[in-house]
Amino acid sequence: MSQTLSQQRAKYAMEKVLEVAKLEDSKKEDYSNFCLRLPGMILNNGLGQSLAFLLADAQKNEQKMSYKLYEQLSEWIIMRRRIYPDGYGKNGLMKAILEGDRGAYVRAQTEVLELLGWMKRFSDAYIGRPGQ
């Protein structure tokens with residue numbers, strides 16, 4: 001039985017949020033905050049600048065939740081949805097959007113926003129809103 005794309009997104013989002021839900025409270029709160037704020041940031045600034053924000057916040061520290069979210073979005077766009085070739089690897093989304101064409105960029109941005117909708121909902125459900 002095949003799943004709809006929305007079901008696939010939801011399943012992936014839930015898996016990733018549940019992984020984070022096992023971490024310490026401060027990391028969970030950071031992650032939930034990024035899931036909540038990133039869609040608005042993408043709509044205002046675009047996917048590229050928003051991903052650059054996540055990478056700048058992480059400062060090459062793969063343990064930070066900004067990097068974790070970047071990594072999850074990269075994996076979904078490159079490895080699962082295959083909007084960009086596999087050659088970019090599961091963490092190569094920034095490089096892929098800088099080198100890719102406009103059509104792929106628009107598809108990636110739309111897909112990231114759809115995925116973040118699920119991630120935000122599951123983050124609310126399994127982690128809670130920041131500051132609550």
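W118 comes out as partly exposed, with a relative accessible area of 27%. Keep in mind that this is a predicted model. F122 has 15% relative accessibility, so it counts as buried, given that the cut-off is under 20%.

Ring pairs tie W118 and F122 together with Y126 in a cluster.

## Ring pairs across the structure

Searching the whole structure turns up six aromatic pairs. One of them is Y84 with Y88, an edge-to-face arrangement with 6.4 Å centre to centre and 80° between the planes. Y84 is buried, at 3% relative accessibility, while Y88 is partly exposed at 22%. W118 and F122, on the other hand, are stacked: their centres are 5.7 Å apart and their planes are at 20°.

## The nonpolar core

The largest nonpolar core takes in 36 residues, and L51, L69, L73, Y84, L93 and M119 have the most contacts inside it. At least two residues each come from α1 (5–21), α2 (25–45), α3 (47–58), α4, α5 and α6 (102–126). The largest share is from α4, with eight residues.

What does L69 touch, leaving aside neighbours within four places in sequence? L69 is in contact with Y31, F34, C35, L38, L54, L116 and M119.

## K90 in its loop

K90 belongs to the loop between α4 (65–80) and α5 (93–99), and is partly exposed at 42% relative accessibility. Beyond its neighbours within four places in sequence, K90 contacts E71, S74, E75 and M79. S26 is 64 residues away along the chain, and the C-alpha atoms of K90 and S26 are separated by 26 Å.

Definitions and conventions
Residues numbered from 1 in each chain as written. Predicted model: local features only at pLDDT ≥ 70, side-chain atom pairs only at ≥ 80, totals over all residues. Heavy atoms only, no water. Helix = DSSP H or I, 4+ residues; strand = E, 2+ residues; numbered from the N terminus. Buried < 20%, exposed > 50% of the residue type's maximum accessible area, 1.4 Å probe, protein only. Contact = heavy atoms within 4.5 Å. Core = buried A, V, L, I, M, F, W, Y, C linked by side-chain atoms within 4.5 Å. Phe/Tyr/Trp six-rings, centres within 6.5 Å; stacked < 30°, edge-to-face > 60°.
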